[in-house]
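Trainee: Hi, could you walk me through this one? I'd like to start with a sheet and then look at the whole thing.

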Amino acid sequence: MKIENLPFRAPELIKSIELKAQIFEVNKGDEILRQGQYIKVIPIVLSGAISVYRRDNEGNEVFLYTIEPSETCAMTLQSYQMSEPSQIFAKAITITKLLTVSIENSSKWMDEFQEWKHFVFNSYNSRFQELIHTIDSIAFQKLDTRLLSYLKDYSNTIKSKHLKITHQEIANDLNTSREVISRLLKKMEKDQILLLSRNRIELM
């Protein structure tokens, strides 16, 4: 099975992945991983994108980071290594194609392939940097700045200035109310930063 968009070059590693890994496709909004679920596979995004969140005991959600093509979720690796249930949940931003590697094969490849080990460690570092960025934005940026940054990042992820997303979805990701997001979006429209229509936002 030939697999495109793999972030690897070592022929033997690619061959092992093509023999052992599984591929499946999910629709926009599908939940890939549940919070509290024990990790059985390592996901790698081949196309599309996944958003990662954390939910508290009262059901409030906060957006953490996005996983794009050729990337994996380091927090799933961490949960497995600590034999703990997942502390995050994830859902697809768009139609997304995923490659999944079993925990057993991942552990084996850590010993066999230096490139796989680098991939895992680089994933930890990348996700850590993104978490720092998220914490900084929550702690130090005003909500209107966070909102505009969020919209630009979303646009870059889906590679389009036409964003099919509701005010409530944005509010959930930024951990605020729909009314606040709607007010800020209307102000941005007045400032000619974007155009609003039903469940759609077009960046200017």
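**A sheet, a helix and the overall build**

Mentor: Happy to: strand β1 and strand β7 (residues 96-102) pair in the antiparallel sense over five bridges. Strands here are DSSP runs of E with at least two residues, helices are runs of H or I with at least four, and both are numbered from the N terminus. Two strands pair if DSSP finds at least two bridges between them. This is a predicted model, in which local features need pLDDT of at least 70 and side-chain atom pairs count only at pLDDT 80 or more, while totals for chains, interfaces and linings use all residues. Residues are numbered from 1 along each chain as its sequence is written, and side-chain values use heavy atoms, with hydrogens and water left out.

Trainee: Which residue stands opposite Ile-23 in β7?

Mentor: That is Leu-99.

Trainee: And what is the strand order of the open sheet?

Mentor: The order is β1-β7-β3, three strands with antiparallel pairing. The edges are β1 (22-26) and β3 (41-47), each pairing on one side only.

Trainee: Switching to helix α3, which of its residues are buried?

Mentor: In α3 (residues 103-112) they are Ile-103, Asn-105, Ser-106, Trp-109 and Met-110. They lie on the same side of α3, because they cover an arc of only 160 degrees around the axis. That arc is taken from the directions from the helix axis to the C-beta atoms. Buried means under 20% relative accessible area, exposed over 50%, and partly exposed in between, with a 1.4 Å probe and protein chains only.

Trainee: What does the face turned away from the buried side carry?

Mentor: There you find the exposed residues Glu-104 and Asp-111.

Trainee: What about Asn-5, where is that found?

Mentor: Asn-5 is in the segment before α1 (11-20). Its relative accessibility is 44%, so Asn-5 counts as partly exposed. Leaving aside neighbours within four places in sequence, Asn-5 is in contact (heavy atoms within 4.5 Å) with Leu-46 and Ser-70. The C-alpha atoms of Asn-5 and Ser-70 are separated by 6.5 Å, although the two are 65 residues apart along the chain.

Trainee: Now the big picture: how many helices and strands does the protein have?

Mentor: Seven helices and ten strands. The radius of gyration is 18 Å, close to the 17 Å from the globule rule for 204 residues, so the protein is as compact as a globular protein of that length. The radius is taken over C-alpha atoms, and the rule is 2.2 Å times the number of residues to the power 0.38.

Trainee: And how much of the protein is buried?

Mentor: Buried residues make up 39% of the 204.
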